[in-house]
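Thanks for coming. I will go through one structure today, a part at a time, and I will keep it plain. Please have a look at it first.

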Amino acid sequence: ISVNRFDRSFNLIRRVDAARGVFRNGRWELSNSMVQTFDQSTGGYDVKFHEESVEVLDFTPDDLKRVMRKSEEMSFKELLSYTKKVEAEGYDATTYRVDLHAKIAFPFVCIVLCLVGTGLSFRGRISEGLPVVIAYGLGIVFLYWIFHSFCVSLGYGEMLPPVIAVWTANIIAACLGVLILLYVE
């Protein structure tokens with residue numbers, strides 16, 4: 001267990017490292033701890049070792065039970081409520097917003113790539129054969145995935161709004177699929 005205390009200038013003034021911590025009677029009891037306290041007069045740290053010590057911490061074991069799950073592990077509803085909570089607390093929720101919109105946009109990949117694949121299969125000549133059409137399909141899927149990941153990363157970096165970032169690859173691939181179908185011989 002490591003606990004760091006900072007002053008208003010974000011300078012480390014106290015650090016506690018312990019091998020173990022137990023929450024009893026509303027307080028944390030630490031065993032085998034090392035306490036480093038900043039000494040302003042010397043500019044160094046005073047180090048003390050304790051077999052057993054009591055530390056006042058502003059969290060309980062219930063706070064530790066709330067483990068943050070990845071956005072991929074959350075349902076749409078859970079991610080939406082978590083995004084609202086993060087924004088209400090005043091934090092930047094751009095990453096969660098992008099992931100939230102991606103949960104809607106990503107299932108349409110199947111439809112879009114089926115559209116592209118259908119156009120490729122109709123366009124392929126009999127002389128090319130099935131392996132060539134499959135190779136084209138795999139190449140397009142690979143390029144789609146790279147482009148989709150690039151657009152999502154632009155959303156994470158706030159270069160594109162979340163909605164545009166996750167739908168751009170789908171829209172461009174759908175347009176490509178329609179063009180391929182329009183020019184089928």
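Predicted model: local features only at pLDDT ≥ 70, side-chain atom pairs only at ≥ 80, totals over all residues.

**A walk through the model**

Is Ile13 buried or partly exposed? Its relative accessible area is 33%, so Ile13 is partly exposed.

Now to the strands and how they pair. Strand E1 covers residues 2–6, and it pairs with E2 in the antiparallel sense over 5 bridges. To find one of these on screen, take Val3, whose bridge partner in E2 is Val16. E1 and E2 form a hairpin, and 5 residues sit between them. In that turn, Phe10 has a positive phi of about 65°.

On its other pairing, E2 meets strand E3, residues 27–39. How many bridges join E2 to E3? There are 10, and the two strands run antiparallel. Here you can look at Gly21, which has Leu30 in E3 as its bridge partner. E2 and E3 also form a hairpin, with 2 residues between the strands. Asn25 in this hairpin takes a positive phi near 55°.

Next, charges. Side chains of opposite charge can pair when their charged atoms come close. How many salt bridges does the structure hold? The count is 6, and I will show three of them.

One is between Glu55 and Arg5, with the closest N and O atoms 4.0 Å apart. Glu55 lies in strand E4 and Arg5 in strand E1, so this pair ties together parts that are 50 residues apart in sequence. Glu55 counts as buried, because its relative accessibility is 7% and buried means under 20%. Arg5, at 31%, is partly exposed.

Another salt bridge joins Arg15 and Asp17, and its closest N and O atoms are 2.8 Å apart. Arg15 counts as partly exposed at 30% relative accessibility, while Asp17 is buried at 16%.

The last one I will show is Glu29 with Arg24, where the closest N and O atoms are 2.7 Å apart. Glu29 counts as buried, with 17% relative accessibility, and Arg24 counts as partly exposed, with 43%. Salt bridges that share partners also join Arg5, Arg14 and Glu55 into one network.

Now a helix. H3 runs over residues 94–105, which is 12 residues. From its first C-alpha to its last it reaches 16 Å, close to the 16 Å expected at 1.5 Å a residue. Which residues of H3 are buried? Thr94, Val98, Asp99, Leu100, His101, Ala102 and Ala105.

Where is Leu160 found? In the loop between helix H5, 129–156, and helix H6, 162–182. Leu160 counts as partly exposed, because its relative accessibility is 25%. Leaving aside its neighbours within four places in sequence, Leu160 is in contact with Cys151, Leu154, Gly155 and Ala165. As for Tyr96, it is 64 residues from Leu160 in sequence, and the two are 14 Å apart in space, C-alpha to C-alpha.

That is the tour. Questions are welcome.

Conventions. Residues numbered from 1 in each chain as written. Heavy atoms only, no water. Helix = DSSP H or I, 4+ residues; strand = E, 2+ residues; numbered from the N terminus. Buried < 20%, exposed > 50% of the residue type's maximum accessible area, 1.4 Å probe, protein only. Contact = heavy atoms within 4.5 Å. Expected span 1.5 Å × (residues − 1). Pairing = 2+ DSSP bridges. Salt bridge = Lys/Arg side-chain N within 4 Å of Asp/Glu carboxyl O.
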